[in-house]
Amino acid sequence: MSTTPPPAVRTLGQPSADRRDPLEARVAALEERLDEREAELQATREWVGFLEEEIESYRERAEQLREERDELERERDRLEGGPVTKLVRRLGL
C-alpha cells in the first residue's frame, strides 16, 4: 500500500511524495540564503557600531579643539588688551 494519501485527502501542508524532494531542496536553499543574509546583517551591525564609535570620538575631538580655540582666543584678547599693546598702538608702531 502507498503511504501517500490520494489527492482528495491531502491537505495544503502535505506535498505529494513526488514534489517533496524538490520542495525540501528549495527550503534548504532558502534556509541557506537566510543564514547568509543573517550573517551579512550581523556584519553590517558590527560595522555600524564601529562607525558610531568613530563618529563619537571625532565629536569629542572636535569639542576639545573648540575648547582649545576658545582658550587661545581669550589669551589673544588678553594679550592684545595689555599695556604693551596699548603703548605700541599709541606710538603707531
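Here is a friendly conversation about how the labels on this predicted model follow from its computed values.

User: What makes up the secondary structure of the protein?
Analyst: The protein has two helices and zero strands. Helix H1 covers residues 17-80, and helix H2 covers residues 83-91.

User: Happy to start with the rings, then. How many aromatic pairs does a search of the whole structure find?
Analyst: The search finds one aromatic pair. Its partners are Trp 47 and Phe 50.

User: Why is the pair of Trp 47 and Phe 50 called stacked or otherwise?
Analyst: Two values settle that. The ring centres are 5.3 Å apart, and the cut-off for a pair is 6.5 Å. The planes of Trp 47 and Phe 50 stand at 25°, while stacked requires planes under 30 degrees apart.

User: Is Phe 50 buried, partly exposed or exposed?
Analyst: Phe 50 has 38% relative accessibility. Buried would need a value under 20% and exposed a value over 50%, so Phe 50 counts as partly exposed.

User: Good, on to the charges. How many salt bridges does the structure hold?
Analyst: The structure holds six salt bridges. Among them are those of Arg 78 with Glu 75, Asp 70 with Arg 69, and Asp 77 with Arg 76.

User: What makes the contact of Arg 78 with Glu 75 a salt bridge?
Analyst: The closest N and O atoms of Arg 78 and Glu 75 are 2.6 Å apart, and the limit is 4 Å, so the contact qualifies. The two residues are three apart in helix H1, or about one helical turn. Arg 78 is exposed, with a relative accessible area of 52%, whereas Glu 75 is partly exposed at 35%.

User: How do you know that Asp 70 and Arg 69 form a salt bridge?
Analyst: By the same test: their closest N and O atoms are 3.2 Å apart, which is within 4 Å. Asp 70 is partly exposed at 28% relative accessible area, and Arg 69 is partly exposed at 43%.

User: What links Arg 76 with Asp 77?
Analyst: This pair carries two labels. The side chains make a polar contact at 3.3 Å, with 3.5 Å as the limit for that label. Asp 77 also forms a salt bridge with Arg 76, with the closest N and O atoms 3.3 Å apart, within the 4 Å limit. Arg 76 belongs to helix H1. At 43% relative accessibility, Arg 76 counts as partly exposed, and Asp 77 is also partly exposed at 43%.

User: Now for H2. Why is H2 said to lie largely in the open?
Analyst: Of its nine residues, the number buried is zero, so H2 lies largely in the open. Leu 91, found in H2, has 55% relative accessibility; the cut-off is over 50%, so Leu 91 counts as exposed.

User: Which residues make the nonpolar surface patch?
Analyst: Val 84, Leu 87, Val 88, Leu 91 and Leu 93 make the patch, which spans about 520 Å².

User: What follows H2?
Analyst: Gly 92 follows H2, with a positive phi near 80°.

User: And for the protein as a whole, what share of the residues is buried?
Analyst: Of the 93 residues, 2% count as buried. The accessible surface comes to about 8700 Å², and 56% of that belongs to carbon and sulfur atoms.

How values were computed. Residues are numbered from 1 along each chain as its sequence is written. This is a predicted model: local features need pLDDT of at least 70, side-chain atom pairs count only at pLDDT 80 or more; totals for chains, interfaces and linings use all residues. Side-chain values use heavy atoms; hydrogens and water are left out. Patches are made of residues with over 30% relative accessible area and no salt bridge: like charges are joined within 9 Å, nonpolar side chains (Val, Leu, Ile, Met, Phe, Trp, Tyr) within 5 Å. Accessible areas come from the Shrake-Rupley method with a 1.4 Å probe; for residues, only the protein chains shown count as cover. A salt bridge is a side-chain nitrogen of Lys or Arg within 4 Å of a carboxyl oxygen of Asp or Glu. Helices (H or I, at least four residues) and strands (E, at least two) are DSSP runs, numbered from the N terminus. Buried means under 20% relative accessible area, exposed over 50%, partly exposed in between (1.4 Å probe, protein chains only). Rings of Phe, Tyr and Trp (its six-membered ring) pair if their centres lie within 6.5 Å; planes under 30 degrees apart count as stacked, over 60 as edge-to-face and the rest as tilted. A polar contact is a pair of N or O atoms within 3.5 Å; within protein, one must be able to donate a hydrogen and the other to accept it, and residues adjacent in sequence count only if both atoms are side-chain atoms.
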